[in-house]
Amino acid sequence: MRWAQGLDKLGLGLYFVLCIFAILNIYSVDPGSGTRQAVWFGVSLFVGLLIFLTRTKFFENLSGIIYIIGVLLLIGLFPFGKEVMGQKNWYKFGPVSLQPVEFAKIGTALMLANYLSNPDFNIKNRRSLLTALAIIGLPALVVLAIPDVGSLLVFMAYFIALYREGMSGWFFGFIAILAAVFLLSLAVAPLYVVLGIVVSAGIILLLNSRRIHWNALSVAGIAGGILLLSGLSFASPFVLEKLPKHQRERIEVLFKGERAFRDTSGYNLLYSKTAIGSGGLFGKGYREGSVTQGKFVPEQSTDYIFCTVGEEWGFLGSSLLVLAYSLFIGRIYYLAENQKTTFNRVFGYCFAGVLLMHFSINLAMVMGLFPTVGIPLPFFSYGGSSLLAFSIMTAIFFKLNYADKNSLV
């Protein structure tokens, strides 16, 4: 069939595998939620079909409007959002809930791709770089004010696209260390973090020494950066004290162990690890998991869905799921790198980066390697707005790739 030429069958096939396997696991936890997720999957397919029938330039031309709508929806949460556990993350429309941050990620990816594809854009130019950072920073600041730390971390994914388009390794490394220092030093002694800063800065300097023009200004900038990081590490304990009790405990669980908070913030993690560990090599069988069927993990159909896979499908099933995600994310990066236009490439890198952040943080979270921050597993966690938003990004990218492969240019 000529119309199918240019469709990436491997990528789309992996998307269907992830979504269908997700519905099965959600149904195992809660049949009602599994049925609703299947309905949302049908809605996502319909929206994806509409995207494939849309002109390719539609998203590029309207990226600014989509971006502004996404930011306004985030701001609208303050007066109109529904508060859940101290965070106004949702709009409530009768039985339907909408999480606008998922759609703001789409708008940010489109806007960044549009700006970076401008012929006048030069990432080495300070004004161009600051504008690109502002595109990422505006929705990120609103998310921080909500506060939604998990989604804020996901916005770091867009820096991968900037790095691909020529942002210096020194600046990229500085941003990464800035985020890591603040998070780690919330629960680790600041002096150890400062030591880590010095070592990390030394490594980055060594890797970039040939590109740095050593003068008084560069030395002052490096010294200022280290002082800023050090200041953040010493200030973070005061920030930790100001966090709500449940958020503070989620960070402390990572270092003190879930058993120290087994009746509060460590409860989910304790039973999540129990479920994963009890699955063994081959699992207990579909709908045969004692932890899953006993409803011991409160968020098991959403953020902690991976522990259902671990218990019922075992190490083998979990490994195959991780492999499927790795192949899908790797496929997006591969296709993005081979696009003919900057817009397509940047959007692909943004999409793959967002998936990578969600996937990495969620799995680390349910295994106790990262604090619980409320990050869903893409296509897998129960939630209509999450599934729809990720499906829209999938459809947009594969539509761009389809047009790219059928282009005569």
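Q: Great. What kind of model is it?
A: This is a predicted model. Its chain has 18 helices and 3 strands.

Q: How much of the chain counts as buried?
A: Of its 409 residues, 49% count as buried.

Q: And what share of the contacts is between residues 24 or more positions apart?
A: Among contacts with a separation of 6 or more, such pairs account for 71%.

Q: OK, how do α1 and α2 cross?
A: Helix α1 covers residues 9-29 and helix α2 covers residues 31-52. Their axes come within 6 Å and cross at roughly 155°. Angles over 145 degrees count as roughly antiparallel, so α1 is roughly antiparallel to α2.

Q: Is that crossing left-handed or right-handed?
A: Right-handed, as α1 passes α2. On the α1 side the contact is made by Tyr15, Phe16, Cys19, Ile20, Ile23, Ile26, Tyr27 and Val29. From α2 come Pro31, Ser33, Gly34, Thr35, Gln37, Ala38, Phe41, Ser44 and Leu45.

Q: Tyr15 came up for both. Which aromatic cluster is Tyr15 in?
A: Tyr15 forms one aromatic cluster with Phe16, Phe41, Phe328, Phe379 and Phe390. Tyr15 and Phe16 also belong to the α1 side of the contact with α2, and Phe41 to the α2 side.

Q: Nice. How many aromatic pairs does the structure hold?
A: There are 17. One of them joins Tyr115 and Phe121, with 5.3 Å centre to centre and 75° between the planes, which is edge-to-face.

Q: Is Phe121 buried or exposed?
A: Phe121 counts as buried, because its relative accessibility is 15% and the cut-off for buried is under 20%.

Q: Changing topic: where is Gln99, and what does Gln99 touch?
A: Gln99 sits in the loop between β3 (96-98) and α6 (100-116), and counts as buried at 10% relative accessibility. Leaving aside neighbours within four places in sequence, Gln99 is in contact with Asn89, Trp90, Asp148 and Ser385.

Q: And Arg345, is that buried or exposed?
A: Arg345 counts as buried, at 12% relative accessibility. Arg345 is found in helix α17, residues 342-366. Beyond neighbours within four places in sequence, its contacts are Arg164, Glu165, Ala336 and Gln339.

Q: Last one: where does Ala140 lie?
A: In helix α7, residues 126-145. Ala140 is buried too, with a relative accessible area of 11%.

Q: Which residues does Ala140 contact, leaving aside neighbours within four places in sequence?
A: Those are Leu152 and Phe155. As for Val101, Ala140 is 39 residues apart from Val101 in sequence and 9.6 Å apart in space, C-alpha to C-alpha.

Conventions. Residues numbered from 1 in each chain as written. Predicted model: local features only at pLDDT ≥ 70, side-chain atom pairs only at ≥ 80, totals over all residues. Heavy atoms only, no water. Axes fitted to C-alpha atoms, helices over the stretch in contact; angles between N-to-C directions. Helix = DSSP H or I, 4+ residues; strand = E, 2+ residues; numbered from the N terminus. Parallel < 35°, antiparallel > 145°, perpendicular 65-115°, else oblique. Left-handed = near helix turned anticlockwise from the far one by under 90°. Contact = heavy atoms within 4.5 Å. Buried < 20%, exposed > 50% of the residue type's maximum accessible area, 1.4 Å probe, protein only. Phe/Tyr/Trp six-rings, centres within 6.5 Å; stacked < 30°, edge-to-face > 60°.
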